[in-house]
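Here is a short briefing on one protein structure. Look at the sequence and the model first, then read the points below.

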Amino acid sequence: MTTLTYYDLDQLGIFAEISASKHDKTEYNWGDIAVIDASGSMKKITQAIVTQCLPRVYRSINVKPAHIIHLIGFETKTHYLRSTVSELSNVDISSNGATYMEGALRQVEKILKESPGTAFRIVVVSDGQIKDAGRSIRIAKQMPKALMDAGRSAPIQVAQVRMITHDKSDPDTLALSCLGILDSFGDIAIRTVDARGKDSNWTDLFCWSLLKRKKVNVVTTDAPSILQLPGTPPVTNTIIKIGKSQDMGILFAPGTDMNSIKSNNYPILPSNVNKGFNLQEKTLR
């Protein structure tokens, strides 16, 4: 839960104290998208991810067996399948061809536009050998505005995993991570899982990497922030990342509408936006 207390300082601006509780109980009716590299370099890893790892991860977060997963496999061609969690273990997906991601990005955008009010979790997995990296990055950069123009308002959570599939693999991961631009929660780090060797326990590491996400609130506003107080995290392009159980103070321009501020793409509840009257010195420290 995010709360906001603001103090009107007249022509000096409006000082807002924003707090992110560690006891955030916000629940979403999640949709799920899995974007999986099915190119030849992934070998049998793709099949294991889809039939073993993903079902295990979804069960661990209490996703119902009948819940629909939008499964997108990308190689030279793009493959799209709607599967329930219980059916994932029977999906037959082979690894062949080169790694082209554009079609997968177009499919993700289509799904998100079709359900603008549904929160989505997106899992992206690849060994990073993306052939159309430049084009994929350009498409991803255009997606936030396209989704906003389509009326999308619900949050998106993106988890990205880079698989190490052979010894000489050291790819540019910019294309692999390009969907991170859609993440509403601030945790867009790429997890790396080493899948080399017959005795590798990579399936356990893969599941763990998806389940152990850092919890961060992302507070956004179109209002111009005019001062960053000492000791607070950097503010970039009106995006403010606040860790759980942390506070931040921001001075906004005079007349800023405090109800325009959002937490994880949702407006802060009016009951959690309060006007303060006695700004204490300790608040500014």
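Buried means under 20% relative accessible area, exposed means over 50%, and partly exposed lies in between (1.4 Å probe, protein chains only). This is a predicted model: local features need pLDDT of at least 70, side-chain atom pairs count only at pLDDT 80 or more, and totals for chains, interfaces and linings use all residues. Residues are numbered from 1 along each chain as its sequence is written, and side-chain values use heavy atoms, with hydrogens and water left out.

**Cysteines**
- Cysteine 207 is buried, at a relative accessible area of 3%.
- Cysteine 53 is buried too, with a value of 1%.
- A search of the whole structure finds zero disulfides (a disulfide is a pair of cysteine sulfur atoms within 2.5 Å).
- For cysteine 53, the nearest cysteine sulfur is that of cysteine 207, 4.4 Å away.

**Helix 2**
- Helices (H or I, at least four residues) and strands (E, at least two) are DSSP runs, numbered from the N terminus.
- Helix 2 covers residues 102-114 and has 13 residues.
- Its buried residues include Ala104, Leu105, Val108 and Leu112.
- An α-helix has 3.6 residues a turn, so residues three or four places apart point the same way.

**Aromatic rings**
- The structure holds two aromatic pairs.
- In one of them, the ring centres of tyrosine 28 and tryptophan 30 are 5.2 Å apart and the planes are at 75°, so the pair is edge-to-face.
- Rings of Phe, Tyr and Trp (its six-membered ring) pair if their centres lie within 6.5 Å; planes under 30 degrees apart count as stacked, over 60 as edge-to-face and the rest as tilted.
- Tryptophan 30 is buried, with a relative accessible area of 17%.

Notes
The expected span of a helix is 1.5 Å times one less than its number of residues.
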